[in-house]
Amino acid sequence: MKTSHQIGSTITPWVILALVLLMPAQSMAQLLWATYYGDGLYEATEAIAVGPDGTLYATGFIQPPNWNIDVFVARYSADGTQLLNHVVMDGGSIDAGFCIAVDDAGIVTVGGQTMSPDFPVTEDAVQGSYGGGMADGFL
């Protein structure tokens, strides 16, 4: 998978989505837009990527009032004025997305960590069940 659109990781938890236009070395960078994401107890964005159409994707974790920690993937318009869609994946324990990539066809891949034996996987998954121990990775 081509991941040339991947552009970041580890962003401050509260002011989380910002796209910065990089100017020539003799100029200052310009903030194009920034927004908050989240309405639970605690949220953090761990990685962002830009899609081939300029939309911005983000992944990380949210902690809703039920105290589980869930993976989220959010997609914003290129100008930052709209949250186009978002998905929350809940495995019942602690789950977080740590990396995201978008290929030239717009296919999104997220990687992260789960501590949930019931984390959702597809029927034909290479590893269809939790491997035990402290945590498993996921794609």
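Q: What makes E8 and E9 a pair of strands?
A: E8 and E9 are joined in the antiparallel sense over 7 bridges, and two strands pair if DSSP finds at least two bridges between them, so E8 and E9 meet the definition. Each strand is a DSSP run of at least two residues, numbered from the N terminus. Within this pair, Ala 96 stands opposite Gln 113 in E9. The model is predicted, so that local features need pLDDT of at least 70 and side-chain atom pairs count only at pLDDT 80 or more, while totals for chains, interfaces and linings use all residues. Residues are numbered from 1 along each chain as its sequence is written, and side-chain values use heavy atoms, with hydrogens and water left out.

Q: Why are E8 and E10 called edge strands?
A: The open sheet of 3 strands has the order E8-E9-E10, with antiparallel pairing. Strand E8 (95-102) and E10 each pair on one side only, and these two are the edge strands.

Q: How do you know that E6 and E7 pair, and what lies between them?
A: E6 and E7 share 6 bridges in the antiparallel sense, with Ala 74 having His 86 in E7 as its bridge partner. The two strands form a hairpin with 6 residues between them, and Gly 80 in the turn has a positive phi of about 80 degrees.

Q: Is Asp 103 buried or exposed, and how do you know?
A: The relative accessible area of Asp 103 is 14%, and buried means under 20%, exposed over 50% and partly exposed in between (1.4 Å probe, protein chains only), so Asp 103 is buried. Asp 103 lies in the loop between E8 and E9, where its side chain reaches the backbone nitrogen of Ala 105 at 2.9 Å and that of Ile 107 at 2.9 Å.

Q: Why is Asp 124 called exposed?
A: Asp 124 has a relative accessibility of 67%, and therefore counts as exposed. Asp 124 is found in the loop between strand E9 (108-114) and strand E10 (136-138).

Q: What makes the approach of Asp 124 to Thr 122 a polar contact?
A: The side chains of Asp 124 and Thr 122 come to 3.0 Å, and a polar contact is a pair of N or O atoms within 3.5 Å (within protein, one must be able to donate a hydrogen and the other to accept it, and residues adjacent in sequence count only if both atoms are side-chain atoms), so this pair qualifies.

Note on methods
Helix = DSSP H or I, 4+ residues; strand = E, 2+ residues; numbered from the N terminus.
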